[in-house]
Amino acid sequence: MYRIAIPKGSLLNDSKAFLEKSGISFEWSDRKLLFETNVKDTQVLIVRPKDVAVYVEKGAADIGIVGSDVLEEHRYKTVTLRDLDYGHCTMVVAVPKDSKIKNLSSIPDYCKVATKFPNLARKFFGEQGIPIEIIELYGSIEIAPLTDLSEIIVDLVGTGKTLKENGLTQIETISRHSARLIANRVSWQLYHDRIMNFLNI
Amino acid sequence: MNLPEGIRDLLPVDLIRQEKLRRLVLNTFNSWGYQTVLPPSLESLKTLEKGRPKLVKEAFKVVDVDGQLLALRPDLTMPIARLAATRLSSLERPLRLCYAAVVFRQNKNADSHREIYQAGIELIGSSSKDKPYSLERTNKANLECLSILLETLDQLQIADYKIVLTHTDLWRYAGEIFHRVEKHLEMDLSAEIDAVLQKGDFLEYQKVINKIEERCKRSFTCPSELKTLFDSSKNESPLNYLKKACFQLTGKPDEVLAYLDSDSDLYNELSTIIALEEIFGPEKFFIDFTLRPDRKFYTGLYFEVIVPSRGQSIGAGGRYNNLISCFGGSEPAIGFSLHIEALLKHSQNPIIKQPFDKKKCVNISCEDTSKQGLIERIKESRDLRKNVEVVVLD
């Protein structure tokens with residue numbers, strides 16, 4: 001059995017389109033998570049973005065599609081094959097519009113930073129020499145500074161609309177991200193021809 | 001009473017199968033003339049630092065009453081190499097040794113086992129005193145080692161396994177290019193390339209190569225020998241080699257060999273190994289340029305054993321010509337080790353798959369618990385054991 005893991009959420013539609021271009025299609029249904037495809041012995045599973053990397057690392061899925069933010073936040077033992085050039089977004093530092101913090105140099109010591117990406121945030125502020133306190137959250141980061149849980153946030157931004165609607169403004173860009181094609185290292189060796197086919201689409 | 005993570009009790013049901021597998025594997029090794037050894041569980045930390053510094057971090061450290069630092073053995077190759085260079089140094093070469101024992105490692109990943117059962121062989125030294133490192137000797141040792149590996153996997157009936165090969169010489173050309181660039185541009189490339197490939201990030205790898213290209217182009221004082229690195233008029237410029245290496249030097253052996261110079265030692269060595277498919281069947285091998293073994297330890301061939309639906313290798317091995325000289329004279333050496341627990345999981349051999357057979361067990365009921373009654377039952381059970389495997393006093 002050959003399995004492809006693709007992420008729920010913002011990368012889902014583009015990922016489905018990418019698979020279709022590769023000749024793999026399946027009948028979509030809202031609640032289903034594991035799909036048989038038109039290709040023999042090939043399944044597609046739909047899981048949370050972070051879990052894509054886990055499924056592929058452990059070999060439960062042979063290849064997967066995941067944002068580079070996930071791969072940079074945590075080191076997985078997978079091979080990264082290709083930039084799929086969709087799902088572009090940026091990792092930013094943002095504060096409430098009326099905050100005293102206007103740029104990196106006005107961040108006070110041990111400032112509270114709410115984020116879903118503690119490792120990336122710690123690395124960035126570490127490199128800047130700014131001591132901070134990380135508050136790890138799992139979602140809705142934007143409300144952390146509005147409720148005084150934190151003073152700033154580090155989050156992934158697509159269009160910037162969510163930031164704006166929550167009265168936040170970006171003060172710094174940390175990194176740029178897009179979707180990556182990854183594979184389990186053993187699958188990369190065992191199903192080499194099949195995986196190489198995905199590289200030229 | 002919690003067990004620490006990564007260790008477990010082996011219950012009878014596990015142990016019966018493990019014991020059968022150990023016996024089968026050791027029998028195969030023994031039948032090739034390999035003799036079983038068992039080095040001590042503890043080793044001086046200094047010895048480990050000398051032989052396999054990379055494993056020091058992973059080793060469990062113990063302090064003895066004199067304050068001496070010891071390590072629970074994280075590997076068996078190192079102690080066997082020590083043995084070969086010291087107590088066994090005067091024995092005829094090559095030395096053929098094997099083992100089935102446990103090693104101890106601590107890993108940051110909490111999910112990984114800390115007590116690992118391994119079985120393997122070490123082929124140390126050469127009967128040729130003049131040219132122990134010659135290509136002919138290397139080929140002979142490679143074939144012997146890999147034949148034992150393939151035979152063991154076949155004996156265990158491991159389905160659809162593959163041996164993934166790589167060789168430090170595949171990297172030598174790349175290394176030379178990096179060295180030249182590093183010298184001229186003051187870039188630390190080898191470390192960077194090592195890091196991206198160990199991460200398995202082929203995208204980053206391409207980026208590093210592009211960076212070299214950019215730096216070469218921008219550098220006004222670019223020496224003429226560097227210009228050839230990005231000269232696109234020649235199809236086979238060194239930089240092109242690096243760009244394509246990731247994908248072209250990874251694939252089926254015949255595809256990869258087609259890119260190598262057929263007069264080179266590397267071609268000779270790899271194609272000799274692939275010839276084993278004549279005996280063990282087709283599609284047993286795969287070559288992977290991106291596999292990065294510990295380069296301070298492995299000095300030539302390196303290989304891993306993989307099976308479908310298991311995301312990691314079930315065994316690995318290779319040539320380690322520099323290890324023995326850490327403890328004594330210099331000698332070539334090659335070996336492999338297999339994960340016993342992984343073999344147990346993937347073995348289709350009915351002898352190993354089958355649990356304990358209850359039919360082979362006879363119970364004798366001891367209702368009469370008087371002295372004479374019990375003595376009679378024990379006598380009876382001793383007689384029965386001559387023909388029946390297991391007799392239990394109920």
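The paragraphs that follow go from the overall make-up of the chains to the places where their parts touch.

This is a predicted model, in which local features need pLDDT of at least 70 and side-chain atom pairs count only at pLDDT 80 or more, while totals for chains, interfaces and linings use all residues. Residues are numbered from 1 along each chain as its sequence is written, chains are lettered from A and ligands numbered from 1 in the order in which they are written, and side-chain values use heavy atoms, with hydrogens and water left out.

Chain A has 201 residues, of which 51% count as buried, where buried means under 20% relative accessible area, exposed means over 50% and partly exposed lies in between, with a 1.4 Å probe and protein chains only. If one takes the contacts in chain A between residues at least 6 apart in sequence, 65% of them join residues at least 24 apart, a contact being heavy atoms within 4.5 Å.

Chain A is divided into domain 1, made of residues 2–87 + 178–199, and domain 2, made of residues 89–176, with the bounds coming from an automatic or database domain assignment. The centres of these two domains of chain A, taken over C-alpha atoms, are separated by 30 Å, and their contact takes 6 residues from domain 1 and 9 residues from domain 2. About 680 Å² is buried between domain 1 and domain 2 of chain A, with carbon and sulfur atoms giving 43% of that area; buried area is the accessible area (1.4 Å probe) that two parts lose on being put together, summed over both. On the side of domain 1 of chain A, Asp69(A), Glu72(A) and Glu73(A) lose the most area to domain 2, together 68% of what that side buries.

Between the two domains of chain A the count is 0 salt bridges, a salt bridge being a side-chain nitrogen of Lys or Arg within 4 Å of a carboxyl oxygen of Asp or Glu. Helix 3 (residues 68–73) of chain A gives the largest share, 4 residues, of the side of domain 1 that touches domain 2.

Chain B is divided into domain 1 (12–155 + 321–333), domain 2 (162–307) and domain 3 (360–393), and the C-alpha centres of domain 1 and domain 3 of chain B lie 44 Å apart. Helix 3 (residues 77–85) of chain B is mostly covered, with 9 of its 9 residues buried, and what covers them includes strand 2 (42–44), helix 2 (45–51), strand 5 (95–104) and strand 6 (115–124) of chain B.

The contact between the chains takes 28 residues from chain B and 23 residues from chain A, and the area buried between them is about 1,900 Å², of which carbon and sulfur atoms give 54%. Leu203(B), Phe247(B) and Gly311(B) supply 26% of the area that chain B buries against chain A, more than any other three residues. The count between chain B and chain A is 2 salt bridges, and Asp288(B) forms a salt bridge with Arg185(A) in which the closest N and O atoms are 3.6 Å apart.

Thr80(A) is found in strand 5 (residues 78–83) of chain A and is buried, with a relative accessible area of 5%; leaving aside neighbours within four places in sequence, the residues in contact with Thr80(A) include Leu71(A), Gly200(B) and Leu203(B). His192(A), in helix 8 (residues 192–197) of chain A, likewise counts as buried at 6% relative accessibility. Beyond its neighbours within four places in sequence, His192(A) is in contact with Ser187(A), Thr250(B), Gly251(B) and Phe286(B), and a polar atom of the His192(A) side chain lies 3.0 Å from the backbone oxygen of Trp188(A).

Methods. Helix = DSSP H or I, 4+ residues; strand = E, 2+ residues; numbered from the N terminus. Polar contact = N/O pair within 3.5 Å; in protein donor to acceptor, adjacent residues only side chain to side chain.
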